[in-house]
Amino acid sequence: MSKPTKKPVLVIGGGMSGITAAVEIAETGRDVVLVEKDSYLGGNVVRMNNYFPKLCPPACGLEINFRRIRQSSRIKVFTQTEVKSLEGSRGDYRVRLHQAPQYVSDLCTACGKCAEVCPEEGPGEFNLGLDKEKAIGLPHAMAFPHKFSIHQKSCRFEDCGECAKVCTYQAIDLKAEAKDIPIEVESVVVATGWKNYDASLLEGLHYAENPDVVTNVEFERLMAPSGPGEGRLLRPSDKQEPKEIVFVQCAGSRDENHLPYCSAVCCSASLKHALTVQEKYPDTHIRIFYIDLRVMGRNEDFLERVSRNPKIELIKGKLAQIRADRETGKLEVEAEDIMACRKVRYEADLVVLATGIVPQLPDIDLSTGFSGFINAKQSSGIYPAACCKRPMDVSASVKDATAAALKAIQLT
Amino acid sequence: MLEINPDIQFKKELIKTSQAPLSKCMQCGTCSVVCSLAPDDKPFPRKEMIWAAWGIRDQLMGNADIWLCHQCGDCSTYCPRGVKPADVLSALRQMSYRYYARPSCIARMMSEVKWLPLALIFPVVIIAVILALAGTLKIPDGSVNYSKFFPHAWLNSSFTLITLISYGLAVYSLKNFIKDLRRQFPDLKFKGGILLQMLRSSRTIAIHTKFGSCSVNRFRKWAHLLVFYGFNLLLLVTVYAIYAALTHRYPLGFFNPFKILGNLAAFMLVIGLGMMIVKRLVGRKTVNSNYSDWLLLISLLLLTLSGVVIEWARFGNWGSAYHLYFFHLVCVWFVIIYLPYTKFGHTFYRLVAISVADAAGRK
């Protein structure tokens, strides 16, 4: 076992990959600093309704990891924190962390009194603006660390101060200030993950103008038990259950004007969505427009199940236009059905854009390559992992994070 | 069993003409959807793009759809792979001239800039020979009178003859084109004959309906309308001028209604061609301009401008008037004799293709 005097390993990003790297490193007896910019861990996975390969809810994989973090004395977690600078070399990195003001301290017990008196409301951050939430509250039901946080955009801070008055534990400090934290680490795992492509850039699909045109990430929230419909799939405009759903594959992917690459997971994700909807709402009619259906490995099985389902139509042809009827607001989608060699138009209650994976980068100097993804090879001591390196699914990300963890502890 | 007959040579020629990376097309169909002219049934240009990638010449040459395209460039703008379908269809239209026009060596000569000097020699030689035959191959004395240089009888008969030969060759090449179009429309029948159908279909051309429904810009429609009517008006005035020369006094006075019409037509042409040239040089380029586009624009512009200049030269008794006149004649002959072999041929092919599509009920 390593000597405890060794400097810790820094893990940037507290999503599935960052958590995996952190616990794997800690369990070898090394200290870890885990830095996350949101107020909770879990990244994109925690927002999902269910995920591959067994279609379990995110709680499945995350709960056990949160327990591993809780049980380890070697992992120091900084939430609402970003890496501001990184200097040095292998074995000796000096890092400056920037932590946003901690208005709610660790004394918070998530009792909820503050939220009861909070008069302000803003768009729900966790549900991607699909619902509303109080300016103070638990980010989501299984938030870890399990404490409340304040939304800077909707809170009036000292102009209001109701929450601080009712807090029994003096956990709320509305005058809190941001601080810089200097640390020294031996090596760095970069697991900053991904965000989905900005769908409002897709001309012709009119995502920004139509509430019922949503992204695949938003659709996960619409389906989720903790989402705006509390488990009922309701379309955003009028909160009705959609009867006709259209999935648009390669929305901005494999497109030189947008993302030139294939994100590898969106086809499987849409098949998963279609099957999940069908299971819950057997009367719903689903159409999936695709260029090619690229399902990897054992996900081929999903394609077979989808092809057998008479309520799910697979149409070869990229959906290039969505129009909204000015009066009724009804959506009409248009594509060329290539197998039939005909332009087809269908009405839809809800359109889901399968947008691709865009790398998220930390604010430090890293060598990047193809389409802004981080190169696998960095100056020694820095190890990128998972989706900031290339698009991949959750299980591949976990494996890749473990690999990066192994590299990070093999120094000296 | 599907039988396909790929022609690699054809594909190579198409890549060379269009400068498009044909094999990058992934058949997503975005182009067909964004095209406002593509019909719902068997829309273009997605199907053309796979034929192009495979080099299926027989599907692409006798194809009315490539002529229904008015090259607004939407498909190229939205193409996710940068394959430029608009340029591919434009290249296919150029290759059609080479494929159908007879003798095809002339079309080949007109397709490359390196043969331009040779192409210019022919009209010069033809005019020189006619002048030599007329015995007027020298600069006349006295005030400017073009008929002293090129006697009316010689001019009108040679012009008419060359125009008739040129149009005759064009019609001949169209016969094969129509025969091939029947492959796309096996049940094609023209109500009251093909000429009547053309007359019916020319209504859409007269008001530029299809140009108008290309959503990208109205500018192109107006530029083309000006050139279209300017040129046809000039043709009409020329016919009248020949008639006038045969029956009564020529040249026409400056205030003769036909003279005014001719000057108006020249004005329309210059403005229209100017708009087209400016549009091709500046601004957002959704389609690439190639040699055949520039050849048509510049030869028409030179023809029009030199026509206006020799008019001034005549009224102003310029010393260089006859040289300018010779230059103008070369321009006219150049446009007329190469008409079936250059982009000018689009006037015929498009009319025929639109007529056939109308007759077949393709909308």
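**Ground rules.** I number residues from 1 along each chain as its sequence is written, and chains are lettered from A and ligands numbered from 1 in the order in which they are written. The model is predicted, so I hold local features to pLDDT of at least 70 and side-chain atom pairs to pLDDT 80 or more, while totals for chains, interfaces and linings use all residues.

**Confidence.** I looked up the scores: ipTM is 0.87 and pTM is 0.91. Chain B has a mean pLDDT of 91, with 98% of its residues at 70 or more. pLDDT is the predictor's confidence in each residue, from 0 to 100.

**Chain A against chain B.** I count a contact when two C-beta atoms, placed from the backbone, lie within 7 Å. Chain A brings 16 residues and chain B brings 18. On the chain B side, helix H2 (30–34) and helix H3 (46–54) each give two or more residues. H2(B) gives the most, with four residues. Helices are DSSP runs (H or I, at least four residues), numbered from the N terminus. By class, I find seven nonpolar, five polar and six charged residues on that side of chain B. Nonpolar covers Ala, Val, Leu, Ile, Met, Phe, Trp, Tyr, Cys and Pro; charged covers Asp, Glu, Lys and Arg; the others, Gly among them, are polar.

**Domains of chain B.** I find domain 1 (8–100) and domain 2 (105–359). Such bounds come from an automatic or database domain assignment. The C-alpha centres of the two domains lie 27 Å apart. Here 25 residues of domain 1 touch 31 residues of domain 2. From domain 1, H7(B) supplies the largest share, nine residues. That side has nine nonpolar, twelve polar and four charged residues.

**Domains of chain A.** I note domain 1 (9–100 + 178–193 + 360–409), domain 2 (113–166) and domain 3 (198–356). Eleven residues of domain 1 meet 16 residues of domain 3. On the domain 1 side I list six nonpolar, three polar and two charged residues.

**A helix pair in chain A.** I checked helix H6 (residues 266–280) against helix H7 (residues 300–308): the angle is about 45 degrees and the axes are 10 Å apart. Axes are lines fitted to C-alpha atoms over the stretch in contact, and angles run from 0 to 180 degrees between N-to-C directions. H6(A) is therefore oblique to H7(A). Angles under 35 degrees are roughly parallel, over 145 roughly antiparallel, 65 to 115 roughly perpendicular, and the rest oblique. Among the residues that meet, I see A:Leu271 and A:Leu275 in H6(A), and A:Phe302 and A:Val306 in H7(A).
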